[in-house]
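Subject: Structure handover

Hello,

I am passing on the structure we spoke about.

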Amino acid sequence: METVSTIISNFIALVPVTLAQSLILSFIVLGIMLPFRTLNFPDLTSEGAFPLGGCVCALSLAGGAPGWLAILVAMAAGFLAGSCTAFVHLRFRIHTLLAGILMMTMLYSINLRLMGKSNLSVYGTPTIFDGVPFLEPGFPVSKIVVAGLLGLAVYCLLNLYFRTERGTAMRAVGSNPDMAEAQGISIWAATIGGVGLAGAFSATSGALMVQSQGFADVNMGIGTLINGLAALMIGEAIVGKQTIRRQLAAPFVGAIVYYQLVSLCLAAGMPPTDLKLATGLFVLAMLALPTLKRSRGPMPAREAIRE
Amino acid sequence: MLEIRSARKVFYKGQPDEKIALNDLSLTLPSGNFAIVIGSNGAGKSSMLNAISGALMLDSGKILINGNDVTALPVHKRASRVARVFQDPMKGTAASMTVAENMLLAELRGKKLGLSRGLNAKRVASYRDRLAALNLGLENRLDTRVELLSGGQRQSLSLIMATCDQPDLLLLDEHTAALDPRTADIVMQATVRAVEAFNLTTLMVTHNMQHAVDFGHSVVMLDAGAIRLEITGAEKAEVTIPKLIGHFGMKTDRMLLAS
């Protein structure tokens, strides 16, 4: 019994740190969800946009920029990366997944070029987490407050946006591109804008992560995509995706729950090296579940994805 | 008014399987005219409609809508003038969005989109009124996702969406072909009501010879990518199914079955 109580106390001790981390990473889950669910565009750019945001943020911080400005610069870089993926898909008719892989691979070199080396320490520079009053800087609570408020603001803004005329048009492009075009909606504008926005959120996540951990590393993106997908699946299983409000809440709820689960597994003694296998199997199971449920009936329609 | 001037489109040009889809096709449809387009499979009906809507770019020739040259405009830039209802009920609506959201998309067709709230109370109320006219109960299902509606309901919705803000040109692409006879009848009646109420310039493709006889001001028959026959005015009023089928020449069997 003692081991169980040790596991639990280890886990509980890590809850605040994990929560801070998951709130920061919820932005990349949002960056994965947006194109996937609203534009029907599975976008792999996030795995490259995340370290891109981190690298750009670290460079800005090293250059003396304040924390918030570094994040804005990172967002702009992420938007550019996302819109490049969308452009490659639209202009050259390259499959969405392949366009994302191309962009992600190229971004690795770009990130190395930008930083000039594989990692850059920005420890000690002022960050966005310093500005919270009455809290000791560096303590996870300030990260929870800042990342949480930022997440809440983004959630509310997106919620409003997807109810506007333009937001409705963007969702129509994901739902039925031919119909959207026939209603006068530009597929190009909606796709480039939407995937770009997602890239901006992924980059925000990377920038926040760099400010939180005090350094940027070109390899910080490895595995973020599959983690993000797992978090999204959990979030959608918990809050659903029937309405805009639920669909937008799923990345945040999913990220918070997923990283606590990971923390619990690690506290229970799972070797960290097995984490990706476990996450991959989990995502596979979540995606396979609908087909298993109806195995006796007719095969359900395959997930329609833009090609 | 729609004018097509010697429209030409060749697929697989210069290859062994070259296919002339539109062979210098010319057609003038005066404003307020409701024309029925008939012709056997492969005659170029769909190519003509695609060329008008912008889904198919012409090799040569011109397309003018109300005097404006739209030949070079992509689909989304013609949307303010042209509305279209497809044969497949899935094509004309956004399945994962609600009935009201689909109506909103139709209302905004070709307009400049803003950042104001899309579905406001005033709009929702007007959609309810418009849908009530169909007598399909859609007015009570404004928040239902369209994928949960039946094919007939979806097609009726597509029709209401296409006609709601009185397009310069309405294209109906065998829009009742996929429906059961009763629903097809409801959709056809709604079509005629809308076309007459707004005096819409309309092109309706159909394989149903009875529809060709019963509806419209003129009948246009396509063959091998060109207009083979145009029946208008008094002659149209007296046309019968056997007369129409007679014009199909050799290819009558399918048409007889279809009628």
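This is a predicted model: local features need pLDDT of at least 70, side-chain atom pairs count only at pLDDT 80 or more; totals for chains, interfaces and linings use all residues.

Contact between chains A and B. On chain A, 18 residues are in contact with 25 residues of chain B. Two helices of chain A, α6 (165-175) and α7 (177-182), each supply at least two residues to the side that touches chain B. The most comes from α6(A), with 7 residues. Sorted by class, this side of chain A has 7 polar, 6 charged and 5 nonpolar residues.

Helix α10 of chain A. This helix covers residues 244-267, and its 24 residues should span 34 Å at 1.5 Å a residue; the end C-alpha atoms are 35 Å apart, which agrees. The helix has a kink of about 35 degrees at Ala250(A), shortly before the proline Pro251(A). Just after α10(A) comes Gly269(A), with a positive phi of about 100 degrees.

Positive phi in chain B. Most residues other than glycine have a negative phi. Asn66(B) has a positive phi, near 50 degrees, and sits in the loop between β4 (60-65) and β5 (68-69) of chain B. Glu174(B), also not a glycine, has a positive phi of about 50 degrees; its place is the loop between β7 (169-173) and α6 (181-198) of chain B.

Are these residues buried or exposed? Asn66(B) has 13 other C-beta atoms within 10 Å, so it is partly exposed. Glu174(B) has 20 C-beta neighbours inside 10 Å and therefore counts as buried.

Regards

Terms used. Residues are numbered from 1 along each chain as its sequence is written. Chains are lettered from A and ligands numbered from 1 in the order in which they are written. Two residues are in contact if their C-beta atoms, placed from the backbone, lie within 7 Å. Helices (H or I, at least four residues) and strands (E, at least two) are DSSP runs, numbered from the N terminus. Ala, Val, Leu, Ile, Met, Phe, Trp, Tyr, Cys and Pro count as nonpolar, Asp, Glu, Lys and Arg as charged, and the others, Gly among them, as polar. The expected span of a helix is 1.5 Å times one less than its number of residues. The bend at a residue is the angle between axes fitted to the seven residues ending there and the seven starting there. A residue is buried if 20 or more other C-beta atoms lie within 10 Å of its own, exposed if 12 or fewer, and partly exposed in between; C-beta atoms are placed from the backbone.
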